[in-house]
Structure formats: structure tokens, C-alpha cells
Amino acid sequence: MAELEQSLDEAGLTNTAVREYVLHWAEFLGAERVEVVSAADDARLVRESLKAGEIEPAGEGVYYSRSYSKDTARSEERTIVATSRPQDEGVYNNWRHTDEIRPVVEGLMEGAMAGKTMYVIPYLMAPPGSPLERFAAGVELTDNRTVCLHMIRMARVGIDLINDLADPDMFVRAVHVTGDLPNLGQGTEEDQRYFVTVADERTILHFGSSYGGNALLGKIAHGLRQAAYDGWASGEFLGEQFMLLGITDKETGETHHVCGGFPSASGKTNLAMTLAPDALGERYHVSFYGDDIAWLWVGKDGHLYGLNPENGVFGVARDTNERTNPGALDSVGAGTRALFTNVAYNEDTHEVWWEGRTPSPPADATGWRDWKGELVADRGPDEQDEPWAHPNSRFTTTLANVPNVAGDFEDPRGVRIDAVIFGGRTRDREPLVRAITDLAEGVYDGLTLGAEATFAAEGVDGKLRYDPMSMRPFMSYPEGAYARHWLDVVGAASEQPLFAHVNWFQRDEEDGHFLWPGYRENLRALLWLVRLRKGEVTGRPTAVGILPREEELDLEGLDLPAADLERILTVDVERWREEMTHREEHLSQFPDLPEEIWAAHRRVAAALEHE
Ligand code: GTP
Ligand code: SPV
Ligand code: MN
């Protein structure tokens, strides 16, 4: 104990509440030593990790790591939101009473760091000085050095950030224990992993993974689950799985800010990093604020504001290439200190590759290992078609490396929000874009966001489910209250944002091709929204929102088959009527859903009957 105290003294950790927390857990976990980590330690930690073989070089100042092969995505099955409020039963994410679940996960954690170093990562989600700063502080404890490297890139990390908290006790207690990865029974009856957020105690207890959202606790567990809860409990803000970008018209100098939710692996990173298509680049510039989390609040001046609490990008590698997302490639280039996870790696040349990086894999398989660490050259005849990279392989890089990062991305005041958009992977029914001007209808639309499941979480790829505002895996309080909180927060703004639903993923019924080219071209749909907001276009009112008239979309330089364009600008009334019955059934599960949301549902249903 005295030795531990001494190491905290030497590290300069003066916040006594943090010290108590660290000492308690160091003892409980049985850690052999404790090391407090700051961003300035990155170079040394990288050297140690290279030496220990935990990461490998992947070009100059770029690194590669592989997580255990059964540990490559978030596990929604194993995610739990706990509180001591019995009335929270039924919250998504397997709500459990704290008294029941805490002993279970603590039982697994006790003594689990014997012989290991416990790293202490003091961090801030949100730039220092923001109006939401008091919800942003946290201290992650982990036995995993690679997690430290990720946290340094994804959050603001340093002792100074938590030594002088306005309320020294107000920090999220985030404990991560990797566990014995090959022996945790992943996916079986004996599964021992637990990813628990004790929301009303601001405590996160994650056991049994070293992957992204399960292990970097600042990001998903604090930045989303805990923040959503805090925002609701305080009544002050919304914590959402949203990207946030700015669109500047260089002719007028005006910038509009758009934020919005797309379920995991459905295009947030790509949209926020979008460079304008060549034909529009002279006139418009897209600036990146955030790709995965936004916190929204109404400022003292009455305007709706948003900020990205993160300091980095943890993006999907698959299909990232010069055409789809050149900015992402730049952001992981030489000297960026970027980290790749679970892509394919060439141990001779130190190159990385993933599906969609180039049209086909490297012709010479020499030296290439797949995401499981197996030599591609040794594959049997029936394994030839298996992917080299895991479909949920990722890159990690800091915001400052993103070429189109906004000049004011670190401004703690955030930016004014002009539009909120929702979008899923939906193969039919959802047009390219439909705008919604009414707040309750906008919130209703977000609550009924439907999406195909993706590889970002364990589960069935391609199956449709409702994913309210893209928050389903991160919901931490009841859905009726969630809807109420949205109506209250956004309703308090002096000017309401424009809402919209977008879909880049509609497919041809016959051959399955995407009807819209997507990626950089998506800006065209957002530009139409901006024009609608400014009253420069009127669009075409329909039962489900305002759609662009064909001539209102700027399609310069884009060669799109007329039939495809017509399809994505049409409302399939029959399919929509069918959808309304599913929505009714889905929303009926939530007894305290605000009447405004039901009224919005009935308005849309009635309008569809009259189409
Ligand atoms: P999380 O980080 O999991 O929350 O995901 P995200 O929403 O940020 O997803 P991301 O932008 O990383 O995209 C996930 C996958 O969708 C990648 O494989 C992209 O290449 C693909 N994708 C993104 N935008 C488009 C698009 O406009 N059209 C098509 N067809 N695919 C896209
Ligand atoms: C997601 O799954 O939505 C992510 C990646 O953004 S993770 O950090 O793993 O949750
Ligand atoms: Mn995400």
C-alpha cells in the first residue's frame, strides 16, 4: 500500500478521490504495480509494446495489432446497463439491478491483475472548458497496454485533466480487466464476459475483452451509455451515437452544421470525412468534427449546440480506399502514429491490407497473415475465399490527423446545429433523403430508424431491426423517457433544427446493385437539405416528409441511370403502409412514450392512407 501511494505521489496524482479509487481497485484486483499514463508517455508505451510483441510496425510511425480471434466486436448480448431503480427494468441492454450484477462481475475481477501492471488512464471526453466538462472526466484502470495506446488516441489523456476537477469526486470510474481471452467461453453457455455500466453510480465494469468498444471505456461506455444517462438525469444534454460535420459554401462563406445517427458500421465515419465530389469541390468544403459521438445541448443564447467528446477516430477499415474515403487513408499515413486492428498484415514488408483496399488482394501472398494471424499462403483450397481482414477491422487515429478536420474542432463551445439526420442500411422503402420540419415527427422518425445488422457487433448480418436514433446498443434509460428528453432538450432551442432521414443503401431488386453511388456523392443530398433550410428550394411534400424534386438535386458530374434516380426519389406507399404496422407494434412496447410521438405516428399513417 505504501509503495502504491508512493508511485501515485511520483506520478503527481493529487486528486484524493481519484487516489482512493485507484488504491481500492489496485488492491482488489491484486495488481503488482500501478502506472499512471499521460499522452506524453505514448512514445515510450509504443516502444514497450513493440518490444513485447503486442503491436507490430506497419510503416513509419504506424502500428498493427491483432485482438484475440473470438474478440473482434462489441457484444450486445453481454452488455448490461445496471441501476438501483427497479423501474428501469426493460431498458435495452439487458438491464439488471446493481445489487445482482455487481457481485458477479466483481467476483470475476477480484485478483485478476495478479502479477500485472495496472495502468491508470485519467481522461477527459470533451475539450477542456466546455459547458459539459463536468460530465467528461473519467479514470480508466486497465491491465492492457494496447488499450492505453488506443485511449491516448481516442480521448484527451493526462493527469492534469483530473487533478483540478471543479468537483474532485465527479469522474467516471471505469475498470477494465482483459481476462484470459481464449478461456472465456465466448458465445457459449459458459460465456463469462460482462460489459456493465452502473449508470446511476457512474461506474463502468468491463471484463473479458481487449477490443474497441468493450475495452476503451472512454468511448462507448462513458461517451455514450454513461453520457446518455447523465444527460437525462441532469436534464442538460443528449449523448448520441452521431457524426458531426460542417458544410461551407465558399462563395458565401456560410457554414451549416449537420449531425446525425447511423447505426454502427453504416457510414458515419465516411460521411464526416467526405471530401466534396470533384465537380462540387470548387464551391463546397466539408469539415470534420466527429464521426461517432455527439453531445447536444441548448446554450445560454438559446441555440442548439453540439460537440464531439472524442479526440480520435476508430473507423471501419473495410472498403476504405482512394475513391471511397481518401481522407481516411491520409489520416493513417506515415508518421500519424495510427494503429490498425485485425486487418491483414505482411510480416516481411510491414504492409497492411483489407477487403476493398484494392479490388483484389495482393497477388503475392508471401509474408501475409490474415486477421487470425494465419499465413494466407498456407490456406487450403476451401479457405481461399475467406476474407484476409476481419469485416470489423479498424484503424485508430487522432482527430488532428484527419485532413478535413474543422479549424475549430477543439472549440469547447461546440458548434450550432442546423440539421439532425438519421440513416440506416435499408435495401428498400427509404428514399435517398426526406426532410422533416416538425420536431415530434423528427424524433418519431429517429425512434423508428430501421437498420440491417452489421459486423460491428456480434450477431446476424443483414437482419432488420429498430435502432432508435442508432442508440440501441448504447441506450441507458427507458425509451419513453428518452423520447421525452429529446422533445424537451431540442424543444427548448429558440430555433429548431431541420430533421431528415437519408439512405445510401437502397438496392436494385433484380441484381442487388446500390441505386446510389454513396460515399463522396452523399454530399449532394446534404446540400439539398441546406438549400431547403435556407428556403432556396421547396421540394415535394409527401406523407413521410419533403423529398427533393429531381431538378433540385445538384447532380453535376454524376452519371446516374434515370431509373435508379427515379426509384430513390419515390415513396413506395405500399411498403410504407406495411412498415407503419411494424412501427406501431414496436412503439407499443414503451408504456410511457410521449403522446406527441403517437400523434406524429398517427399523422404519418393517416397521410399514407390518403396517398
Ligand atoms: P461505427 O464506427 O461502427 O459506429 O460505424 P460508422 O457508422 O462510422 O461506419 P463507417 O463510416 O465506418 O462505414 C461502415 C461501412 O459502410 C464501411 O465498410 C464503408 O465502406 C461502408 N459505407 C460507408 N458509407 C457508404 C455509402 O455511402 N455507400 C455504401 N455502399 N457503403 C458505405
Ligand atoms: C461501434 O461499434 O459503433 C463503434 C466501434 O463505433 S466500438 O468502439 O467498438 O463500439
Ligand atoms: Mn459507433
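Reply: Start with Arg78. Its charged end sits over the ring of Tyr194, at 4.8 Å from the ring centre. This is a predicted model, so treat every value here as computed from it. A second case is Arg173, whose charged end sits over the ring of Tyr21. Here the distance to the ring centre is 5.8 Å.

Now the ring pairs. The structure holds 20 aromatic pairs. One of them joins Trp368 and Trp388: the ring centres lie 5.8 Å apart and the planes meet at 50 degrees, so the pair counts as tilted. That angle falls between the cut-offs of 30 degrees for stacked and 60 for edge-to-face. The pair links distant parts of the chain, 20 residues apart. Trp368 belongs to strand S22 (residues 368-369). Trp388 lies in the loop between S22 and strand S23 (394-398). Trp368 has a relative accessible area of 3%, so it is buried. Trp388 is at 7% and is buried too. The cut-off for buried is under 20%.

Phe422 and Phe499 make a stacked pair, because their planes are at 20 degrees; the ring centres are 6.4 Å apart.

Last, a cluster. Tyr229, Trp232, Tyr477 and Tyr482 come together as one aromatic cluster.

Note on methods:
Residues are numbered from 1 along each chain as its sequence is written. Chains are lettered from A and ligands numbered from 1 in the order in which they are written. This is a predicted model: local features need pLDDT of at least 70, side-chain atom pairs count only at pLDDT 80 or more; totals for chains, interfaces and linings use all residues. Side-chain values use heavy atoms; hydrogens and water are left out. Rings of Phe, Tyr and Trp (its six-membered ring) pair if their centres lie within 6.5 Å; planes under 30 degrees apart count as stacked, over 60 as edge-to-face and the rest as tilted. Helices (H or I, at least four residues) and strands (E, at least two) are DSSP runs, numbered from the N terminus. Buried means under 20% relative accessible area, exposed over 50%, partly exposed in between (1.4 Å probe, protein chains only). A charge sits over a ring if NZ of Lys or CZ of Arg is within 6 Å of the ring centre and within 35 degrees of the ring normal.
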